[in-house]
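Okay, thanks for coming, everyone. Have a look at the screen first.

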Amino acid sequence: MCHMRTKQCCFDFRCPYFLSTIFVFVLVAIIGNFTSWSYFGMSKVSSIEEMTSDVTEQSPGDQVERWMEHLPSVVTSQTQLKDLLIPGSHDSATFDLDPAGGKADDFSSYIKMTDEKIERWFKTQNLDFIEQLKIGVRYFDLRIIKHPETGDIRFVHGLFSRKTVIEYLNDIRKFLDENKKEVVLLDFNHLYNMGKHDHISLCTEMESTFSGMMLNRKKCLDNDMLLSKMTLSKLWELNGRVVVMYGNVRKCSNNDYIWSRNEIDILWPYTPNNELVVKNLLDQYKGLYKKDVLIVWHGILTPHSDDNFSDRMERFKDLHEFVTKTTEVIMDWIKSHSDVPFNICCADFVEEHDFVKTVINANIKPAIV
């Protein structure tokens with residue numbers, strides 16, 4: 001019997017209060033089991049798949065300013081840099097070209113163009129470095145030149161940049177100071193009119209600008225650590241959040257923090273035709289001599305000596321109008337071909353067509369149920 005006056009219940013199975021308590025516990029257990037094991041015919045989700053499911057609700061692509069920080073730990077600790085999908089910008093510094101500074105020496109002689117059209121056809125980015133970083137870009141394609149009049153080093157693409165290279169790099173430093181787990185790759189791949197002293201001076205200034213956050217090439221190679229095989233977790237551990245790859249590293253051999261461009265390979269589509277971009281990139285990839293490096297996939301249109309620039313300028317008002325369709329083609333390709341070993345993906349006008357978010361979110365593989 002149940003002793004209600006003392007608010008105590010015996011453990012007699014005939015007691016209605018005892019039976020109701022047992023019923024509640026059984027019901028909770030059954031509901032919990034249905035929820036955990038997917039009563040409606042679905043298998044139990046593994047811990048990695050649960051993590052991926054959580055990411056689906058708020059993916060790294062939705063947190064672009066700090067997307068590396070917000071990647072799942074299984075990605076940051078296990079995915080090598082050569083297998084990580086990283087958004088990059090083609091000719092990253094063309095947002096601030098100076099038409100008043102005159103035509104630069106990198107201007108291709110086969111391109112016939114009046115001076116007033118150069119900016120419209122050589123500007124590939126609208127956003128400055130800070131803005132690109134804030135939307136998630138982490139690889140910068142950089143071309144530099146010694147200015148013939150001032151003698152300082154500027155960015156270049158047909159025209160000179162308005163400011164010096166170091167002035168712009170200070171902006172990148174500011175972003176990294178505020179975002180402690182983001183990693184930036186700086187690829188100096190075209191160097192014009194520079195002597196040995198210019199190379200050494202610039203590399204030394206870069207080491208000063210990014211002091212305390214550059215990946216030490218000498219220490220890494222002395223310990224058989226390849227750049228391409230590092231994970232984000234390893235880079236964080238080594239305080240290596242800035243990786244500088246430089247096109248003439250032999251001139252800067254005494255600069256321990258400057259990496260050779262042997263660590264990276266570039267795929268160019270070599271076509272002004274949207275229909276050939278994907279095919280040409282795949283052909284280039286198949287022909288790579290070594291694939292244990294960082295690989296840049298340039299999803300852009302590229303002119304060549306046989307290209308009819310005059311006809312193009314008659315049909316399009318500027319480069320933006322000409323290339324915008326190309327980014328859409330590349331986005332569709334990345335979304336539908338998870339089997340392609342994409343790594344660093346570059347585009348013109350990176351703020352458009354959800355380019356950056358598409359690349360970032362491709363790091364999260366769908367859960368297999």
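Contact here is heavy atoms within 4.5 Å.

Before I go on, the caveats. This is a predicted model, where local features need pLDDT of at least 70 and side-chain atom pairs count only at pLDDT 80 or more, while totals for chains, interfaces and linings use all residues. Residues are numbered from 1 along each chain as its sequence is written, and side-chain values use heavy atoms, with hydrogens and water left out.

Back to the geometry. Helix 10 (residues 274-286) and helix 12 (residues 319-336) have axes that come within 9 Å and cross at roughly 45 degrees. That makes helix 10 oblique to helix 12. The cut-offs: under 35 degrees is roughly parallel, over 145 roughly antiparallel, 65 to 115 roughly perpendicular, and the rest oblique. Those axes are lines fitted to C-alpha atoms, for helices over the stretch in contact, with angles from 0 to 180 degrees between N-to-C directions. The helices themselves are DSSP runs, H or I of at least four residues, and strands are E runs of at least two, numbered from the N terminus.

Now the other pair. Helix 6 (residues 165-178) packs with helix 7 (residues 196-209) at about 25 degrees, axes 10 Å apart. That makes helix 6 roughly parallel to helix 7. On the helix 6 side the contact uses Val165, Ile166, Leu169, Asn170 and Arg173, and on the helix 7 side Leu202, Glu205, Met206 and Thr209.

Next, which residues does Leu215 touch, not counting residues up to four places away in sequence? The list includes Cys220, Leu227, Met230, Leu235, Leu238, Tyr257 and Trp259. Leu215 sits in the loop between helix 7 and helix 8, and it is buried, with a relative accessible area of 1%. Buried means under 20%, exposed over 50%, and partly exposed in between, using a 1.4 Å probe and protein chains only. Leu215 and Tyr257 are 42 residues apart in sequence, yet their C-alpha atoms are 6.0 Å apart.

Leu238, in the loop between helix 9 and strand 6 (242-246), is partly exposed at 31% relative accessible area. Leaving aside neighbours within four places in sequence, Leu238 contacts Leu215, Cys220, Met225 and Met230.

Asp224 isn't a glycine but has a positive phi of about 55 degrees. You'll find Asp224 in the loop between helix 8 (217-222) and helix 9 (232-237), and it is exposed, at 71% relative accessible area. Asp354, also not a glycine, has a positive phi of about 55 degrees too, in the loop between strand 10 (344-347) and helix 13 (355-361).

Zooming out to finish: the protein has 13 helices and ten strands, and buried residues make up 49% of its 369 residues. Of the contacts between residues at least 6 apart in sequence, 75% join residues at least 24 apart.
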